[in-house]
Amino acid sequence: MNLVKKSLIKKIYKKRPVDSHKGNFGNLLVIGGSRIYSGSPALVAMAAINSGSDLTMIMAPERAANIAATFGPDIITYPLKGNYFSEKHVNDVRRVIEKYDAVTIGNGMCRESKILSAINSTIKFLKSKDIPCVVDADAIHAVSKNKILNDNFVLTPHAIEFKVLTGKKPPQEIEERIKAVEKAAKKYNCIILLKGHIDIISDGERTMLNKTGSPYLTKGGTGDVLTGICGALLARGVKHFYAACAAAYINGKAGQMAAKKYKESLMAINVIENIRKVVK
């Protein structure tokens, strides 16, 4: 089985032309957050910015958006009225989407039925507009009930979310685990990046393994970081399968660097701080 290697990262991060301007390397829309989970979309956005996204905006319920704005002046926010994402907010996505090259959805949104329904409505719209999208966290719970995806979508489940998608825990044995991911990718007609000790990335036909990472990446928020990296790569035009592979490598390598210094005290923000070292 093929391993993701540093050479892929070098192909993506080539020397920029001297006449580059804002927008050449991608604008990303982050849809996420709720009254409870304000940090998730902020982590996604900061990871995306550190991965090279030219412009990153968070669309989130008011409290989450306002808190996210305090994380740094590079983050643009679009506050949505209310405490949770709902059907009425899908129109806000429709109004702004033309400015963005890719979307991430799901991080910190919560799983009430009305929220999941609004997430599915948004994903159906993104599908109709052919917008590349990373589906993570609560959005995985939404799409598990309706097979509405295509190869424009990257799903980034951990083991429990993979069970939500398939009805079964991913096997421990690597060969069987690979087969399970390939089967799920075919079922949902998309790219799946199963996070774990060894990340498995598959579109149902091609499969790659990523071995960068650390046991200390069990901390909450590190999955949000991966989502932001992958979203930034999609926004800059990297093909979906390779964006998922590269995101797994970058997140794992940055995590290794952070873990070496912080060990048990590692936080997601420490992983973000090391993204620049990986892509440099």
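## Arginine 16 and its partner

Arginine 16 has a relative accessible area of 40% and is therefore partly exposed. In this predicted model, the side chain of arginine 16 forms a salt bridge with that of aspartate 54, with an N to O distance of 4.0 Å. The two residues belong to distant parts of the chain, 38 residues apart: arginine 16 sits in the loop between α1 (6-12) and β2 (27-31), and aspartate 54 in the loop between α2 (39-50) and β3 (55-61). Aspartate 54 is also classed as partly exposed, because its relative accessibility is 23%, and the cut-off for burial is under 20%.

## Further salt bridges

The salt bridges in the model number 7. One of them joins aspartate 136 to lysine 195 through their side chains, at 3.7 Å from N to O. Aspartate 136 is in the loop between β6 (133-135) and α6 (138-143), whereas lysine 195 is in the loop between β8 (191-194) and β9, so this contact ties together parts separated by 59 residues in sequence. Aspartate 136 is buried because its relative accessibility is 2%; lysine 195, with a relative accessible area of 17%, is likewise buried.

With 40% relative accessibility, glutamate 176 counts as partly exposed.

## Positive surface patch

Helix α8, which spans residues 174-188, also contains lysine 187. This lysine contributes to a positive surface patch together with Lys147, Lys168 and Lys183. The relative accessibility of lysine 187 is 38%, so the residue counts as partly exposed; patch membership requires over 30% relative accessible area and no salt bridge.

## Strand β10 and its neighbours

Strand β10 (residues 207-210) is covered on both faces: Thr207 and Leu209 are buried on one side, and Met208 and Asn210 are buried on the other. Strand β1 (residues 2-3) pairs with β10 in the parallel sense through 2 bridges, while strand β9 (residues 199-202) runs antiparallel to β10 and is joined to it by 4 bridges.

Which residues stand opposite methionine 208? From β1 (residues 2-3), asparagine 2 takes this position; isoleucine 201 also has methionine 208 as its bridge partner in β10. The hairpin of β9 and β10 has 4 residues between the strands, and glycine 204 in this hairpin adopts a positive phi near 95°.

Key
Residues are numbered from 1 along each chain as its sequence is written. This is a predicted model: local features need pLDDT of at least 70, side-chain atom pairs count only at pLDDT 80 or more; totals for chains, interfaces and linings use all residues. Side-chain values use heavy atoms; hydrogens and water are left out. Patches are made of residues with over 30% relative accessible area and no salt bridge: like charges are joined within 9 Å, nonpolar side chains (Val, Leu, Ile, Met, Phe, Trp, Tyr) within 5 Å. Accessible areas come from the Shrake-Rupley method with a 1.4 Å probe; for residues, only the protein chains shown count as cover. Lys and Arg count as positive and Asp and Glu as negative; His and the chain ends are not counted. The place of a charge is taken as NZ of Lys, CZ of Arg, CG of Asp or CD of Glu. Buried means under 20% relative accessible area, exposed over 50%, partly exposed in between (1.4 Å probe, protein chains only). Two strands pair if DSSP finds at least two bridges between them.
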